Structure formats: C-alpha cells, structure tokens
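Load the model and keep the selection panel open. We will take a sheet and then the charged side chains.

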Amino acid sequence: MASLATGQRLKSAVCGTEIMVISAPDADLELTCGGALMGDNEGSNGDGIDPNFASGTTIGKRYVTEDGELELLCVKPGDGSLAVNGTALKIKESKKLPKTD
C-alpha cells in the first residue's frame with residue numbers, strides 16, 4: 001500500500017503504461033496495472049499481464065474510481081488495465097458543454 005501525491009508519475013511493471021496522478025485521497029492505495037503494482041521505476045516482474053486486467057489503457061484518457069476521489073491521466077498507453085485495491089478503474093466521461101447560439 002502506498003500514498004499517492006498529485007503530480008506523481010508512475011510506470012507499469014508489466015507493460016508500457018505510464019500515468020500521472022491528477023487527484024488522490026489521503027488514504028493508502030494499492031494501484032496496479034495489468035495486475036502488478038505500479039512504481040516510480042519501470043521494471044519487469046516476469047509474470048506478464050493478468051488476463052483479468054488486460055483491457056489496456058488509452059493515452060490522454062482520465063481514469064477514475066467509482067466515487068471519483070482518485071483520478072489518473074494516462075500519459076503513455078499499454079496493454080494492462082488500471083485498478084485500485086483490486087477494483088478496475090473506469091474512463092472518466094467527458095462533460096457535455098452547453099450549446100451556444
């Protein structure tokens with residue numbers, strides 16, 4: 001478990017995914033990509049991507065928890081998908097802008 005800080009960059013140990021923390025709660029979280037813990041340094045854990053977390057990440061997309069307390073920005077895509085404490089993150093929906101006439 002680790003505490004995340006706004007602006008922190010993390011790399012996946014099993015694929016090319018890199019993220020930047022946009023906002024995070026003060027609680028300790030277990031952030032994974034492809035089923036492996038993410039860290040400051042890229043490295044291979046040799047296990048490969050967990051098939052349950054192999055949806056991939058998309059550059060420029062924001063990933064959030066259900067409650068919206070954690071928000072991450074994908075800065076480099078990869079084959080693994082993001083999860084916190086074993087729960088997959090979802091892509092943040094964009095807000096519709098009001099029409100201007």
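Two strands count as paired here if DSSP finds at least two bridges between them. The model is predicted.

**Stop 1: the sheet.** Select β4, β3, β7 and β8. They form an open sheet of 4 strands in the order β4-β3-β7-β8, with antiparallel pairing. Now look at the edges. β4 (36-37) and β8 (87-88) each have a single partner strand, so one side of each is left without a neighbour in the sheet.

Zoom in on β3, residues 31-33. This strand pairs with β4 in the antiparallel sense over 2 bridges. Select Thr 32: opposite this residue stands Leu 37 in β4.

**Stop 2: the salt bridges.** How many salt bridges does a search of the whole structure find? The search finds 4.

Start with Lys 76 and Glu 18. Their closest N and O atoms are 3.9 Å apart, forming a salt bridge. Lys 76 lies in β6 (residues 71-76) and Glu 18 in β2 (residues 18-23), so the pair ties together parts that are 58 residues apart in sequence. Lys 76 is partly exposed at 38% relative accessible area, whereas Glu 18 is buried at 12%.

**Stop 3: Glu 71.** Select Glu 71, which is buried, with a relative accessible area of 9%. Arg 62 forms a salt bridge with Glu 71, closest N and O atoms 2.7 Å apart. Arg 62 is partly exposed, at 35%.

Then select Lys 92. Its side chain meets that of Glu 71 in a salt bridge, 3.2 Å from N to O. Lys 92 lies in the segment after β9 (90-91) and Glu 71 in β6, so this pair ties together parts 21 residues apart in sequence. Lys 92 counts as partly exposed, at 38% relative accessibility.

Definitions and conventions. Residues numbered from 1 in each chain as written. Predicted model: local features only at pLDDT ≥ 70, side-chain atom pairs only at ≥ 80, totals over all residues. Heavy atoms only, no water. Buried < 20%, exposed > 50% of the residue type's maximum accessible area, 1.4 Å probe, protein only.
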